[in-house]
Amino acid sequence: MKRRLFLSAALGTLALPACAGAPERSSRPVAKPGDALARSAADADRLVTRAGLGGRVGFSVADAQTGEILETHNPIRPLPPASVAKAVTALYALETLGADFRFTTRLVATGPIRGGRLDGDLVLVGGGDPALDTDGLADLAAQAAAAGLREVGGQLLVDGSALPAIERIDREQPDHVSYNPAIGGVNLNFNRVHFSWQRSGAAYATAMEARTERFRPGVSTSTMAVADRSLPVYTYDRQGGADAWTVARGQLGGEGSRWLPVRNPDLYAGDVLRGMLRANGIAAPAAQPGRGQGSTVAQVQSATLDRIAASMLRYSTNLVAEVIGLTATARRAGRPGSLAASGDVMSQWLAQRTGTRQPDFDDHSGLNGTNRIAANDMVRLLTAPGAMARLRPLLKEITLEGPPRQAVQAKTGTLNFVSGLAGYFDARSGRSLAFATFVADTDRRAALPVSERERPAGGQGWARTARSLQFDLIERWAAVHA
């Protein structure tokens, strides 16, 4: 019997921009003969052996209500969780900040407004909002205009000091992948810029935009030059305050577009804000980083944290995970000095919350392959008091169509030669089970050169086999542990 994977959008419309594409996607499982599934009572170890994935496999399944461990395989071996780490981050942030927490972004005037002119600086004060977009800056500019502002007499400043400035989440990723942007106290459009191109004769017209559905402003803080070469496809350099990109002419074709990461988020946001102010009749100088205190003339707030977390788990957005994790750490232990330091605080929280001693997080998204957690430790978190009630409704629903159909609420995780899956499902008797399955061939992953890390040879097939093994195990558990 062939099996298909269906994703059901049970979360409804969330207050985050539609451009929150997932950098990691769950792979469709390969077809499996029926005798490999639960009806044949196949042994779990045989399923693991037959998958022939290389590397390591670890799993644990438990009664979700009591925490009783029902079945394991390498349960205490620390393995990279990939984006399954986002489920840990979601619970960490929700329990630290509260489900109703909102991020606030403000425009602050350091002096009085007289006759439409601000005698002082106008400061964009970031609160870390991971969902701030160009529309939000337009709303701030409209509020400032309604307050009577027509000219900024001093400086236009951007204050991103609420969170540490992090140039990229994982330094081992290619420069151009948009799921590895900078992180800071001001994050605009997920710290991505939209690059588009169109051929006109022998030349190309290119655009770098902070685009949303409402606005498509061009930016000066990210530039693109078309170079006469075939490879590499992209090169990156930092030139003053600008992200300077080149792209290979031989790779462009007629027209197209893609998102590129932003490495200078404060100046990027300031550039776009200046354009939105101008569109609302407010003259302002070029933006620069800085700080200042004064009166709030405009502010926008994010959606509540529970909705942000649900969207993050659904779309697997790395920037959102890092921001909510860093913000939770700042609440618990003060502003962290680095992403790794914040990951350490989350690891300590997990150990204290569940009594585990092995988790080791270097980030909050799982993008770094150096993160480690054992399957037993993940299951202990999923079955900790109050965890299922808070987390299960936020997880993406996956339906395995057998027969019989099997609904699973889980977080997937995929890196090159790393696959994770953890969450909840109900056995055929109605018994709720919690599980975690991690598969990793870390030697094969470590051997990849940077040029092959976006789409390595054999990576997609390996990921499909890993996901199929994970689904086979769930179907077995649903029958055996009823």
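**Helix H2 and its surroundings**

Mentor: Let us start with a pair of helices: the axes of H2 and H7 come within 11 Å of each other and cross at roughly 80 degrees, which makes H2 roughly perpendicular to H7. This is a predicted model, in which local features need pLDDT of at least 70 and side-chain atom pairs count only at pLDDT 80 or more, while totals for chains, interfaces and linings use all residues. Residues are numbered from 1 along each chain as its sequence is written, and side-chain values use heavy atoms, with hydrogens and water left out.

Trainee: How are two packed helices described, and what counts as roughly perpendicular?

Mentor: Two packed helices are described by the angle between their axes and the distance between the axes. The axes are lines fitted to C-alpha atoms, for helices over the stretch in contact, with angles from 0 to 180 degrees between N-to-C directions; under 35 degrees counts as roughly parallel, over 145 as roughly antiparallel, 65 to 115 as roughly perpendicular and the rest as oblique.

Trainee: Which residues of H2 meet which residues of H7?

Mentor: Taking contact as heavy atoms within 4.5 Å, Val88, Thr89, Leu91, Tyr92 and Glu95 in H2 meet Val345, Met346, Trp349, Leu350 and Arg353 in H7. By class, this contact has seven nonpolar, one polar and two charged residues, where Ala, Val, Leu, Ile, Met, Phe, Trp, Tyr, Cys and Pro count as nonpolar, Asp, Glu, Lys and Arg as charged, and the others, Gly among them, as polar.

Trainee: How many of the 13 residues of H2 are buried?

Mentor: Buried means under 20% relative accessible area, exposed over 50%, and partly exposed in between (1.4 Å probe, protein chains only). Twelve of the 13 residues of H2 are buried, so the helix is largely enclosed by the rest of the structure. The buried residues pack against several elements, including helix H5 (305–315), helix H6 (318–333) and strand E19 (406–415).

Trainee: Where do nonpolar side chains tend to be found in soluble globular proteins?

Mentor: In soluble globular proteins, nonpolar side chains tend to be buried together. A nonpolar core is a set of buried Ala, Val, Leu, Ile, Met, Phe, Trp, Tyr and Cys residues joined through side-chain atoms within 4.5 Å. Here the largest core has 62 residues, among which Met378 and Tyr424 touch the most other members, and its largest share, nine residues, comes from H2. Not counting residues up to four places away in sequence, Met378 touches Val84, Ala87, Val88, Ile373, Ala422, Ala436 and Phe438. Apart from this core lies another, of 45 residues, among them Leu140 and Tyr204.

Trainee: What should I know about backbone angles?

Mentor: Most residues other than glycine have a negative phi, and most peptide bonds are trans. In the loop between strand E3 (69–73) and H2, Asn74 has a positive phi near 45 degrees and is partly exposed, with a relative accessible area of 28%. Ala82, in the loop between E3 and H2, has a positive phi near 50 degrees, yet counts as buried at 1% relative accessibility. A cis peptide bond joins Leu231 and Pro232, with omega about -5 degrees, and Pro232 sits in the loop between strand E12 (222–227) and strand E13 (234–239).

Methods. Helix = DSSP H or I, 4+ residues; strand = E, 2+ residues; numbered from the N terminus.
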